[in-house]
Amino acid sequence: MEKYKHLVQYYETDKMGVTHHSNYIRWMEEARVAFLKNIGWDFSKLESLGIISPVVNVECQYKLSTYFEDEVFIDVTVEEFKGVKLILKYEMTNDAGKVVATAKSVHCFMDENGRPIRIERQYPDFYKAIIDNCPSQL
């Protein structure tokens, strides 16, 4: 899958010119949205079916600083998916290929009333799209 590219904006940096740490979490969401779109299940499609996908947990390890106008490439991979909980891994690199951050986000799937959805049973095409993008060890 193609890496998501984010160009660091001026407003994302602090007075020292370093990207504020909270922005990496926002970039993860941008990359997750792009990942879902790339597998044919963009957010508008999910929402039209009444599927919501809240974040249950997020973690990020910062390795190197990024600065205004840096290009950050985000590789999104499925770490685990068993139909209810989806764990995504993110590796963020700069244009020199050095890792600037690694991260994970955990999501569940619910209907509009907040009831859990078993994706494999209720939306088998969506389940297959995610499974088809899982590493072979799943």
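Which elements do the buried residues of α4 pack against? Let me take that slowly, and let me say at the outset that what we are looking at is a predicted model.

Helix α4 runs over residues 124–131, and its buried residues are F126, Y127, A129 and I130. They cover an arc of only 160 degrees around the axis, which puts them on the same side of α4. As for the partners, the buried residues of α4 pack against α1, α2 (43–48), β3 (71–81), β4 and α3 (119–122).

Now to the aromatic rings, where the count comes to seven aromatic pairs. In one of them, W41 and F126 sit 4.9 Å apart, centre to centre, with 35 degrees between the planes, and the pair is classed as tilted. Because W41 lies in the loop between α1 and α2 while F126 belongs to helix α4, this pair ties together parts that are 85 residues apart in sequence. Both W41 and F126 are buried.

Another pair is F81 with F109, whose ring centres are 6.2 Å apart and whose planes meet at 85 degrees, so this pair is edge-to-face. F81 is in strand β3 and F109 in the loop between β5 (99–108) and α3, 28 residues apart. F81 counts as buried at 5% relative accessibility, and F109 is buried too, at 2%. Ring pairs link W41, F81, F109, F126 and Y127 into a cluster.

Technical notes: Residues numbered from 1 in each chain as written. Predicted model: local features only at pLDDT ≥ 70, side-chain atom pairs only at ≥ 80, totals over all residues. Heavy atoms only, no water. Buried < 20%, exposed > 50% of the residue type's maximum accessible area, 1.4 Å probe, protein only. Helix = DSSP H or I, 4+ residues; strand = E, 2+ residues; numbered from the N terminus. Arc of directions from axis to C-beta. Contact = heavy atoms within 4.5 Å. Phe/Tyr/Trp six-rings, centres within 6.5 Å; stacked < 30°, edge-to-face > 60°.
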